[in-house]
Amino acid sequence: MARTREFDTEAAVSRAMELFWTRGYEATSVRDLTQHLGIGQGSLYAAFGDKEGLYRAALEHYRTTLAAAALRSLEEGTDARSAIRAMLVERVRIAVEDNGRGCLVVNAACERLPEDAATRRTVRDMQDASRDALAEVLRVAAERGEIATRHGPHTLAAFLVTFLNGLLVSSKITPDVRSLEPLVEVALASLD
């Protein structure tokens, strides 16, 4: 008779996400994971298949929690510029936490690509969703006359996603909001 799982897999994925985010995939061993999660190696393998399966689950958890919250914040802004500013600044604030751990997804891209096709798909899907959400906000803003129309909304959105990726890498080098936040204003000038 199969044993009943004796731990909360969602909580385990959340805790694993934090560990992968802080340490990276390669620097996190199965032993680190089992100790951090308080589960046995057999339980980890039974629930997630292997370390890679838990990593995939952690990236998916990030997508459905933090990344989804960032996209929702775009929809809640009163105007495009303030919504985009708030989203970018919040991403920076999260990235500088814990002495500059950056962004789990950008870290995954830097660490795991180009060899890991599954991570590439996951990262691309999240970046496509961010770009598409930004493009819609920018399209509406252009129609309202809130932003200049010299660049199309998709081009501006792609620029802002690329800018954010660089900013998130920089947050690992210089984990200081006061140094990074003014750069957001420079990026927002692209809307003028």
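**Exercise 1.** Which residues does UniProt list for "domain: HTH tetR-type"?

*Solution.* The unreviewed UniProt entry gives residues 6-66; such annotations may be inferred rather than shown by experiment. A quick heads-up: this is a predicted model, where local features need pLDDT of at least 70, side-chain atom pairs count only at pLDDT 80 or more, and totals for chains, interfaces and linings use all residues. Residues are numbered from 1 along each chain as its sequence is written, and side-chain values use heavy atoms, with hydrogens and water left out.

**Exercise 2.** Classify the ring pair of phenylalanine 20 and tyrosine 25.

*Solution.* Start with the rule: rings of Phe, Tyr and Trp (its six-membered ring) pair if their centres lie within 6.5 Å; planes under 30 degrees apart count as stacked, over 60 as edge-to-face and the rest as tilted. That gives five aromatic pairs. For phenylalanine 20 and tyrosine 25, the centres are 6.0 Å apart with 20 degrees between the planes, a stacked pair. Both residues are buried (under 20% relative accessible area; exposed is over 50%, partly exposed in between, with a 1.4 Å probe and protein chains only).

**Exercise 3.** Which charged residue sits over the ring of tyrosine 25, 4.1 Å from its centre?

*Solution.* Check the cut-offs: NZ of Lys or CZ of Arg must be within 6 Å of the ring centre and within 35 degrees of the ring normal. Lysine 51 is the residue at 4.1 Å. Arginine 112 also lies over the face of tyrosine 25, at 3.8 Å from the ring centre.
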